[in-house]
Amino acid sequence: MRRKVQLLFDGLGFFRKMALGLSVLFLLVGCASTQSSKNSTSIIAGPETTFERTTLSKSEAEYPFNIFPRYRLAASDVLDVLFQIRTWTKQDEFLLQVDHVINVKSPSTPELDEQQQVRPDGTITLPYIGEKYVVGKTVGELTKELRQDFSTILQEPDIYVVVPNFRESIKELKADLHTAPRGLSRLVTIRPDGYVTFPMVGEMYVVGRTITEVNRDLNIKYEKILEGLHCDLFLEKHSGATVYVAGEVVNPGAYKINKPITVIEAITMAGGNLNSAQLKSVVVARRTPTKIIATKVNIKDTLALKPGSRFVFLQPDDIVYVPKTAIHSAAEVANAFASMFLFRGWNLGVGYELRSEQRTTIK
């Protein structure tokens, strides 16, 4: 009997201990759930949840997130060149040019009267004088010089210079432009070598430059060719920006984009990440003139919608590298990129800097 009672008390003690253990377990689970809820953003039906976004660049304050930084021309871009002939612009002085027609008149000696078209070498030919260089001179300057030249022949030469036709080149250009299929406009395509051939100007290297820069230099050249000739440059068709996705993704490679996208969207374009991907150490590499700045981005937290996580927007030519293992140093980034022949066009010898998403250097 005593033995049965002892066994009964022992059994009660076991259940008491089990109940206590379960209570502690439930308490821990409850604390963990509470802690977990503190570390994540609650999303419920109805209200919107806001998350920060960044471009990981100093330009994020200068440029909105829905556009790229200042557009620079690339191979295969198509430019529209719209010509204008500014004949209405008042000039400080009128200078004689090639193709101008010049009348040299002498009322007292009409046998000296001549009508000459300025030759390509800038000269005309006059009786008793021979060749006379006239380009770049005003009508007054040429008149004074001719009176001096003829003073050896005539006692008081009354020489006058008249320019009856000084728009011939502009008239011909207008006729050519208006009879062309696109009128005053021309389409030109940037070649793979970075050059484009403009009408009358010829080849210019334009890749990597802005439209404003090219337009300014182009008008300087056109003004030298024909006074009053001006052009406006427009981007008719752009080849699109490119981002590169490498590492533990289904389809690594180069992807054309027409608007800014996030790191997560880039990985999605590459078919998504593999199971072996280390999403806490995704690296975004951006080239600068002196080095490649690699920023480590924790997209695992972003996908989990944890507080403090951000949606990172890419810029053209960014590399998104999804590693197998966590990245801790710039050397690891350099080794990873050096092994990817796809990016041999990048200058990997200019130096590396690895940053965290908060832009602190990782030693």
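A residue counts as buried when its relative accessible area is under 20%, exposed when over 50%, and partly exposed in between (1.4 Å probe, protein chains only). Keep that for the last stop.

This model is predicted, so local features need pLDDT of at least 70 and side-chain atom pairs pLDDT 80 or more, while totals for chains, interfaces and linings use all residues. Residues are numbered from 1 along each chain as its sequence is written, and side-chain values use heavy atoms, without hydrogens and water.

Select residues 185-189 and 229-237. You have an open sheet of three strands, ordered β8-β2-β11, with antiparallel pairing. Two strands pair if DSSP finds at least two bridges between them. Zoom in on Leu79: Val188 in β8 stands opposite.

**The helix.** Select residues 211-225. This is helix α4, which packs on the sheet and touches β2 and β11. Its direction makes about 150° with that of β11. Axes are lines fitted to C-alpha atoms, for helices over the stretch in contact, and angles run from 0 to 180 degrees between N-to-C directions.

**One residue.** Pick Asn219 in helix α4. Is Asn219 buried or exposed? Asn219 counts as buried because its relative accessibility is 14%. Leaving aside neighbours within four places in sequence, Asn219 contacts His230 and Cys231 (heavy atoms within 4.5 Å). Finally, find the backbone nitrogen of Cys231: a polar atom of the Asn219 side chain lies 2.7 Å away.

Notes
Helices (H or I, at least four residues) and strands (E, at least two) are DSSP runs, numbered from the N terminus. A polar contact is a pair of N or O atoms within 3.5 Å; within protein, one must be able to donate a hydrogen and the other to accept it, and residues adjacent in sequence count only if both atoms are side-chain atoms.
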